[in-house]
Amino acid sequence: MVRHATLVWALIAIMATLTGVSFLLTGLSVALGSNPALFAFIGLLFTINRFYRTVRIDHRLQTMSECTTQIMLVLLFGILLTYAATATNFPYRDAELQIIDKLVGFERRPYLKFFEARPWLSDLIGYAYLALLPQFALVPLLLVAGGQVERLNKLLLAIGCALLLTSAIAVFVPAVDAFVYLDLAPMPAAEAAKFKTQVPTLEALRAGTMHTIQLNDLEGLITFPSFHTAGGLLLAWSMLAIPYLRWPALALNGALIAATPVFGAHYFIDVIGGTAVAAVSLAVTAWLCRLAWPAAVATVTESTATNDDGRAF
């Protein structure tokens, strides 16, 4: 057992409860049979965790299976919460977001033309933008392998907090996206085929014509604040703990954030909002860990929880 690991499970329980309540209030439901592979994989991870916890003790493999399960559940409930947030159908705020962009001096068309004139760079940031979900799978494993289990626990807590904040804010600041609002081409033409617009799902939820969520076709729906930005910053922060991966992670997520106004159809203020969400999530995580530490001390001794380099095995 590692310090604060139970905090992650507590957060997942809170997210699951909020998902259930919000779906009840908005009239949404989940087609549980739409993705049996998802539940089979989560069940397999629980089995592996149980095996290496009780039968063949291996703290590293136990932690890997547990954290993989946790990140999947955090993301699943977090994404489902964004569906409920969208279904509340508050007025779109694209006009206000565009005004703020102008006030801060962000010019979208020159920004897009910069990348259109450099196809290689457009391809590069396009692939970086797509790298968010693969990072959610890979980074936890790298942190466990690098002996940074407590860092991983804090990352999971921060991601959960960021998803809760993003969903809560999006209830009151919904937006369709910058390209639809401004009637622009959705992205550089060479990359268009790689991306799927969320607008049909967004409109169906707001109109009340979509009631059942398919787990095999979940989409990112939130414009403000940008969770791509928040997630990229949190992943980059977590990798600062591993020196030889620090700079590659910063470069990858820097490119990811640069791509959000292009491939994510985000306003520039969305990026600022996502940055604020990441900062608040890290602050809340630090507070929760400080709050929980006395309880953790009572149940986990330092000799079993950590060694000199901070690893939990």
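Asp177 counts as buried because its relative accessibility is 5%, where buried means under 20% relative accessible area, exposed over 50% and partly exposed in between, with a 1.4 Å probe and protein chains only. This is a predicted model, in which local features need pLDDT of at least 70 and side-chain atom pairs count only at pLDDT 80 or more, while totals for chains, interfaces and linings use all residues. Residues are numbered from 1 along each chain as its sequence is written, and side-chain values use heavy atoms, with hydrogens and water left out.

**Backbone features in loops**

- Asp177 sits in the loop between helix H8 (149-172) and helix H9 (178-182), and its phi is near 155 degrees, a positive value in a residue other than glycine; helices (H or I, at least four residues) and strands (E, at least two) are DSSP runs, numbered from the N terminus.
- Asn89, in the loop between H3 and H4, also has a positive phi, near 60 degrees, and is not a glycine; with a relative accessible area of 39%, Asn89 is partly exposed.
- The peptide bond that leads from Phe224 to Pro225 is cis, with omega near -5 degrees, and Pro225 belongs to the loop between strand S2 (212-214) and H11.

**Helix H2**

- Helix H2 (residues 36-55) has 20 residues and reaches 27 Å from its first C-alpha to its last, close to the expected 28 Å, a span taken as 1.5 Å times one less than the number of residues.
- Leu38, Ile42, Leu45, Asn49 and Tyr52 are the buried residues in H2; seen down the helix axis, the buried residues of H2 fall within an arc of 95 degrees, so they line one face, the arc being that of the directions from the axis to the C-beta atoms.
- Pro36, Ala37, Ala40, Thr47, Arg50 and Val55 are exposed on the other side of H2, while the cover over its buried residues includes helix H3 (59-87).

**Helix H11**

- The end C-alpha atoms of helix H11 (residues 227-239) are 18 Å apart, which agrees with the 18 Å that its 13 residues should span at 1.5 Å a residue.
- H11 is mostly covered, with 11 of its 13 residues buried, among them Phe227, His228, Leu234 and Met239.

**A nonpolar surface patch**

- Ile99, Ile100, Leu103, Val104 and Ile272 make a nonpolar surface patch of about 460 Å², and helix H4 (residues 94-103) gives the largest share of it, 3 residues.
- Val104 lies in the loop between H4 and helix H5 (108-116) and counts as partly exposed at 45% relative accessibility.
- Patches are made of residues with over 30% relative accessible area and no salt bridge, like charges being joined within 9 Å and nonpolar side chains (Val, Leu, Ile, Met, Phe, Trp, Tyr) within 5 Å; a salt bridge is a side-chain nitrogen of Lys or Arg within 4 Å of a carboxyl oxygen of Asp or Glu.

How values were computed:
Contact = heavy atoms within 4.5 Å. Areas by Shrake-Rupley, 256 points an atom, 1.4 Å probe, with all protein chains shown as cover.
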